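Please keep the sequence and the structure in view while reading the points below.

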Amino acid sequence: MRVPNSVVLPVGTHVDCCQEEEIEEKRQDIMTKITAMLAERRSNLAHCINNLEGSEEPKFYVDQWERLKEMESCTLTILNLVAVNCMCRHDIRKLEATILEHVKNEELFPEVVRVLPPVYRQVEAAIVDIAQSEEMADHGMMDLQYLLSKLSQRKHLANLGRELLQDILRYLHRIGLVVWYEEIKQLESTVFLQPTFLITMFKLLVRYRLVQQLESIS
C-alpha cells in the first residue's frame, strides 16, 4: 500500500484442508474483503486529508498533508487469488506459471523489457558461483565488503565499486536471487546468498498451528 504502482497476487494455501465446493466460496470471500479493505483505506486517507485542509492553520500540517497525498496516489493492482495445495507439486508449478504469466504482462510491469547493463549479469553469475562454491557456509551469509572484495578478484569485475554493487544487489534482491535487508541497520552489511536458508529458519519460527503444537507438549 506504500509502494507506487504495486501489483499483488494473493495466494490461498492449504486447499487440501477445504472441501472442493468451499474453495471458490472462500476465494470470492477473500477478494471481497480485500476490495472492502482498499475502499476503507481510500476513504480514511480522504478523510485525513480533508481534516488537514479544513484545520484552522493548515500551513502547520503541510508535511503530513504531502505524505498523505503521496500515499493516496499509490495505485495498487490486486490480481485474482490463486488457490494452491502446497503439498502438491502440480499446484506449485501452476502457481509458478501464473506468476510468470503476470510478470511478462507489460501492462502490469512496463519495465519488464528494460535492458540491463552487462555488468549486472556478470555480477549475478559471479555471485551464483560463489554461493555454490565449497568454501561457502551453508547459511550463505556474507559481509557486504567481503563480497565486494571476492567479486573484485575476478578480472572482469576488478573495477566494481561498492555503490554499483549495492545497485546490483537491490536488483538481485527484487528478483529473489539474494536477500539484502539494507533498510535494517543491523543487517545492512550482511548479504544472504542462500535465501533458502532464511526460509528454513522462518519455518522453524513461524509455522502453521504452532500454538496448538506447543500446547500439546506436556
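Helix 6 contains 13 residues and reaches 18 Å from its first C-alpha to its last, close to the 18 Å expected at 1.5 Å a residue; the expected span is 1.5 Å times one less than the number of residues in the helix. Helices (H or I, at least four residues) and strands (E, at least two) are DSSP runs, numbered from the N terminus. The model is predicted, so local features need pLDDT of at least 70 and side-chain atom pairs count only at pLDDT 80 or more, whereas totals for chains, interfaces and linings use all residues. Residues are numbered from 1 along each chain as its sequence is written, and side-chain values use heavy atoms, with hydrogens and water left out.

**Helix 6 and its surroundings**

- Within helix 6, the residues L165, Q166, I168, L169, Y171 and L172 are buried; buried means under 20% relative accessible area, exposed means over 50%, and partly exposed lies in between (1.4 Å probe, protein chains only).
- The buried residues of helix 6 pack against helix 4, helix 5 and strand 6 (190–192).
- Just after helix 6, a positive phi of about 90 degrees is found at G176.
- Strand 6 includes T190, which counts as buried because its relative accessible area is 16%.
- Not counting residues up to four places away in sequence, T190 touches M141, M142, V179 and W180; contact means heavy atoms within 4.5 Å.

**Nonpolar cores**

- A nonpolar core is a set of buried Ala, Val, Leu, Ile, Met, Phe, Trp, Tyr and Cys residues joined through side-chain atoms within 4.5 Å.
- The largest nonpolar core has 25 residues, of which V123, I127, L147, L151, L169 and L193 touch the most other members.
- Helix 4, helix 5 and helix 6 (162–174) each supply at least two residues of this core, and helix 4 gives the most, with seven residues.
- Leaving aside its neighbours within four places in sequence, L193 is in contact with I127, I130, A131, M136, G140, M142, L147, L177 and V178.
- Another core lies apart from the largest one; it has seven residues, among them V15, I23, M31 and A83.

**Salt bridges**

- A salt bridge is a side-chain nitrogen of Lys or Arg within 4 Å of a carboxyl oxygen of Asp or Glu, and by this rule the count comes to eight salt bridges.
- One of them joins E24 to R27, with the closest N and O atoms 2.9 Å apart.
- Both E24 and R27 lie in helix 1 (residues 20–53), where they are three residues apart, about one turn of the helix.
- E24 counts as partly exposed because its relative accessibility is 37%, and R27 counts as partly exposed because its relative accessibility is 25%.
- E124 forms a salt bridge with R121, and here the closest N and O atoms are 2.9 Å apart.
- Because E124 and R121 are three residues apart in helix 4 (residues 118–132), about one helical turn separates them.
- At 17% relative accessibility E124 counts as buried, whereas R121, at 48%, counts as partly exposed.
- A salt bridge also links K150 with E135, the closest N and O atoms being 3.1 Å apart.
- K150 belongs to helix 5 (residues 144–152) and E135 to the loop between helix 4 and strand 5 (141–143), so this pair ties together parts that are 15 residues apart in sequence.
- K150 is buried, with a relative accessible area of 15%, while E135 counts as exposed at 61% relative accessibility.
- D167, R170 and E182 are linked in a network of salt bridges.

**A nonpolar surface patch**

- M201, F202, L204, L205 and V206 make a nonpolar surface patch of about 510 Å².
- Patches are made of residues with over 30% relative accessible area and no salt bridge; like charges are joined within 9 Å, and nonpolar side chains (Val, Leu, Ile, Met, Phe, Trp, Tyr) within 5 Å.
- Accessible areas come from the Shrake-Rupley method with a 1.4 Å probe, and for residues only the protein chains shown count as cover.
- V206 is placed in the loop between helix 7 (195–205) and helix 8 (210–215), and V206 is exposed, with a relative accessible area of 63%.

- T98 is located in helix 3 (residues 89–103) and counts as buried at 17% relative accessibility.
- T98 is in contact with L9 and V82, leaving aside its neighbours within four places in sequence.
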